[in-house]
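Have the sequence and the 3D view ready.

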Amino acid sequence: MSAKAISEQTGKEFLYKYINQSAAVQNRARYVNVTPATDLNLLAQQHPWLLSERLVVKPDQLLKRRGKLGLVGINLDLQGVKEWLKGHLMKEITVGRAKGVLKNFLIEPFVPHTQDEEFYVCIYATREGDHVLFYHEGGVEVGDVDAKAQRLTVAVDDKPSDAQVKEQLLTHVPDDKKDVLASFIVGLFNLYEDLYFTYLEINPLVVTKDGVYVLDMAAKIDATADFICKSKWGDVEFPPPFGREAYPEEAYVADLDAKSGASLKLTLLNPRGRIWTMVAGGGASVVYSDTICDLGGVDELANYGEYSGAPSEQQTYDYAKTILSLMTREKHVEGKVLIIGGSIANFTNVAATFKGIVRAIKDYQGPLKEHEVSIFVRRGGPNYQEGLRVMGEVGKTTGIPIYVFGTETHMTAIVGMALGHRPIPNLPPVAVHTANFLLNANSSPMTPASSRTASFSEPKTTNDVTPPKKSKAGLPPESLHSLLWPLKNVVTDGWKAKATTLFSSRTKAIVWGMQTRAVQGMLDFDYVCSRDQPSVAAIVYPFTGDHKQKFYWGHKEILVPVYKNMADAMKKHPEVDVMISFASLRSAYDSTLEAMQYPQVHTIAIIAEGIPEAQTRKLTKIADEKGVTIIGPATVGGIKPGCFKIGNTGGMLDNILASKLYRPGSVAYVSRSGGMSNELNNIISLTTDGVYEGVAIGGDRYPGTTFMDHVLRYQDTPGIKMIVVLGEIGGTDEYKICQGIKDNVITKPVVCWCIGTCATMFASEVQFGHAGACAHQASETAVAKNQALRDAGAYVPNSFDELGNVIKSVYDDLVAKGTIVPAQEVPPPTVPMDYSWARELGLIRKPASFMTSICDERGQELIYAGMAITEVFKEEMGIGGVLGLLWFQRRLPRYACQFIEMCLMVTADHGPAVSGAHNTIVCARAGKDLISSLTSGLLTIGDRFGGALDAAAKQFSKAFDSGMLPMEFVNKMKKDGKLIMGIGHRVKSVNNPDMRVQILKDFVKQHFPSTQLLDYALEVEKITTSKKPNLILNVDGFIGVSFVDLLRTCGGFTRDEADEFVEIGALNGIFVLGRSMGFIGHYLDQKRLKQGLYRHPWDDISYVLPEHMSM
């Protein structure tokens, strides 16, 4: 969602803080916010100015016409304000159909003034620019300002001047106020632009001899511009519309949405309602809400929401459990229904998202059964059969009534079933996977003509590319221009006509962004359409160097060049005329601007959602000047069967084949929604000979192209015989189609339906999934637009449920008239499935290259030996506990974890003289990096230095287990000529004990259940030190034997498991890990001391050369 209303307080804070000083604004930052938590008795102490001023108090809850409703206290003292608040705070009122509680108020200084000092000013955004409305009278009785206000239209990327404002807006203003008003309005416009407002209204604006006073203000800002305006906005709170409470669950889902690349939305309408929805897709979610309301469920509809954009299993689980938690709080006498619906997904793995929902259903199975919840599921898209299977299985195992349907069922049919308006059919089981396209099993007698690049209903043309538009006979060029380009009054110089045909079978594209799955999908589509060459010429990806990326072309592998910058790609591929941008919302603007510098580019598809509206309007203006067609932003793209598809449009190959998108039909469509465009592919393929071309213009308020742009293209394309438009609540683009039909500019049959009819039934305003899906006036409602289209002569169904029937009726009529002559099909070539996708579907198996049993990073959360990383920290397991999980696959006792950590501490370092530290230092001084220096030190670890832990453990264990007495062990080792590992120290002795050993010994003796091997080693030490005092049990030996005791007696291991860990070298890992800390310390120390290259001194080297060499 982009345009969001802000409170009056927030709007004024922005204005007072950032409007230029020359605007002469008074009362800056003099206001007080009052809520139920405010102590009214402390107001004067916290804001002393309240005692010396006359005051105004009013609710600040997005309420309109507060003055007429008697909700403004005027010219009061502080005591009067308190009395007024007592009568209004927490009072429930009804405004229109919205009922709400007054709980947020604003206190401001009262401004004495006369009626002739009040004015009205408003700035709002439209596609062609920003409109400044001004009226020389303001206040409660201002009336219909749209009809009588002076108006100044400021073109996109332009700014008004004081002179323009005076000339066009201030003609009825007294001369003594013109300068101050012009300065204020120019400053206000600059503020509006700089802070990404989309709407800003001040009424009244008061101008006295002292300056300008902003009395009442209403505003909206473009929430998608947060990444640009964060430093100025701070943390903005967006209050809900009056009559609807702000729920913590809504805030939780909004937070999930903000942290995700996917889209997650939730609005609670009636938490006590019995009808709940969990719908995939911004457009589909509106359609389901429409259908529920059409069938009489508006009063029981509990929520509006949607999830889309390929959320992960965990994200879907979090979203689903929020809804299930809400719907199982209060029982309903009729039980409840949950509608898990959606259109046919383009790229979302349906099975993966459904697994998240299934987890949530399992967690809430008790409450769901207790509240008598029935669940109805309809979905299509990648791997949807597996998703439906797991959803059906959870119904069987939990006993919850779950009814599942796929693409064979109309999208909204489950609503009628859920509400009891139609029977629930017993459908046969569908295919268990989405791999049907592996075999060419199409049995339909009507398939495409052998030439798949021609129109399905007429002979092949010799040239796919039609010239730019020409005016219709009898219609003046200016009339067509005004229909095609609403910006003609803004863009008057350098205007270029745009080509009717955007894509052909020879179209070549550059893809911006490393979207390998989307590119492979495009290449598979090319292959199944029998294109001669791939449609993707190159990829631009700034984050790697130039290289080649491997893809499949049918059965063989091909290389697609990847370039670091766009200039190289354009220069080396002059045949490219389309750019598909997968750039993020932050970089899409700049990358699109760059692409439009190259005259070879005629069409740009911008996939990203969340681009600020002001940036999109600038891109559109430049595109119109250059004759470039922009599809998007916030779109999946478009498709021209038999020729070209954008990115993920049309979904997987099974859907491409099922919807016959590999060859052209006779029907063209345009929609806003990407998911609904795929649903249209399905509906049109079932009711006609198929799609000729389809475009999803995107869900933003100001997409790069409009419905009318594409309808006029379709009108001028001979192969297209009928047009389908899926409009939407919000905006007025559909009225241009009405005018085009009335003026006979559009002569082909147009079937049109605008979704969002439910909005007029809600008590408060609801912002639907698409940014542009919100009506700001009656003419923007779906109901009004559907009626206008019907009156103009378009074919308009009574509901979305009937859309397919109307399309079929119009198509059948065209066939009957001979306008469409269906041709015989030729089966498309088969395309092998990618290995990764086949594996995900469970169609193949292959031995793994290697196995792991200690860690799993594939899910939402990192797992250590079966334990989630959050649990590791929650349990405060520490480094010792993590080592227990990763090395020993056990959750060790607390004392064991402590012992491991103590071992790491005592082995961390032993000075610079030992071989490992010495090597690390020499490497560091030679200018080597950290990894090289550390490795140099680690390579010295072995039996002679530091690697005695394993050897000591093995020697002592073997002797002890064999029943050998300590003296026998010592004598045997001496007889065999072997050293006893872990015995002896260069410096330490009985008289100068190693305190590291003493610390460990005290801990082990206190905490270990048994120390049999340690006791045995200490007896050996008594024997060896009696011969020589430095033959003590050193730290390596102590850790080695103690670790054996730990493994054998802690209760977590069998004897064989304990011995195996010793055998495979686990104990030496303690020394390696501990000493690595010291080696890194020595490396950093040498770098910090800036020590130069080390050269060993001559006087420390004995040069012993053979005699004959010295002679």
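Three strands line up in the order β33-β34-β35 to form an open sheet, and the pairing is antiparallel. Strands here are DSSP runs of E with at least two residues, helices are runs of H or I with at least four, and both are numbered from the N terminus. Two strands pair if DSSP finds at least two bridges between them. At the edges stand β33 (855–856) and β35 (867–868), each pairing on one side only. Two bridges join β33 to β34 (residues 863–864). One of the bridge pairs is Asp856 with Ile863 of β34.

A word on the source: this is a predicted model, in which local features need pLDDT of at least 70 and side-chain atom pairs count only at pLDDT 80 or more, while totals for chains, interfaces and linings use all residues. Residues are numbered from 1 along each chain as its sequence is written, and side-chain values use heavy atoms, with hydrogens and water left out.

Now step back to the whole chain. It has 39 helices and 35 strands. Its C-alpha atoms fill a box of roughly 115 × 90 × 80 Å, taken along the principal axes. Of the 1111 residues, 56% are buried. Buried means under 20% relative accessible area, exposed means over 50%, and partly exposed lies in between (1.4 Å probe, protein chains only). Contact means heavy atoms within 4.5 Å. Among contacts between residues at least 6 apart in sequence, 74% join residues at least 24 apart.

Next, find strand β3 (residues 55–59). Five of its five residues are buried. In a regular strand the side chains alternate between the two faces of the sheet. Leu55, Val57 and Pro59 point one way from β3, while Val56 and Lys58 point the other way. The strand β3 has antiparallel partners. Two bridges join β3 to β4 (residues 73–76), where Val57 stands opposite Gly73. Five bridges join β3 to β7 (residues 105–109), where Lys58 stands opposite Leu106.

Which residues touch Trp84, leaving aside its neighbours within four places in sequence? They are Val57, Lys58, Pro59, Leu71, Val72, Gly73, Leu76 and Phe105. Trp84 itself lies in helix α3 (residues 78–88). Trp84 is buried, with a relative accessible area of 13%. Trp84 and Lys58 are 26 residues apart along the chain, and their C-alpha atoms are separated by 9.6 Å.

Move on to a sheet of seven strands. This open sheet runs β22-β23-β21-β20-β24-β25-β26, with mixed pairing. β22 and β26 (629–631) stand at the edges with a single partner strand each, so one side of each has no neighbour in the sheet. On average, neighbouring strands of this sheet are turned by 25° against each other, direction ignored. Strand β22 (residues 547–553) pairs with β23 (residues 556–563) in the antiparallel sense over seven bridges. His547 has Val562 of β23 as its bridge partner. The hairpin of β22 and β23 has two residues between the strands, and there Gly554 takes a positive phi near 65°. On the other hand, β21 (residues 536–540) and β23 run parallel, joined by two bridges. Here Ile539 stands opposite Val562 in β23. Helix α18 packs on the sheet, touching β20 (509–512), β24 (578–581) and β25 (603–606), and its direction makes about 170° with that of β25.

Stay with α18 (residues 588–595). Its axis and that of α19 (residues 613–626) come within 10 Å and cross at roughly 5°. Axes are lines fitted to C-alpha atoms, for helices over the stretch in contact, and angles run from 0 to 180 degrees between N-to-C directions. So α18 and α19 are roughly parallel to each other; that label covers angles under 35 degrees, with over 145 roughly antiparallel, 65 to 115 roughly perpendicular and the rest oblique. Tyr589, Thr592 and Leu593 of α18 meet Gln615, Lys618, Leu619 and Ile622 of α19.

Last, look at helix α35 (residues 1012–1027). Its buried residues include Leu1013, Tyr1016, Val1020 and Ile1023. Among the elements covering the buried residues of α35 are α32 (948–961), α33 (966–975), α34 (995–1007) and α36 (1035–1049).
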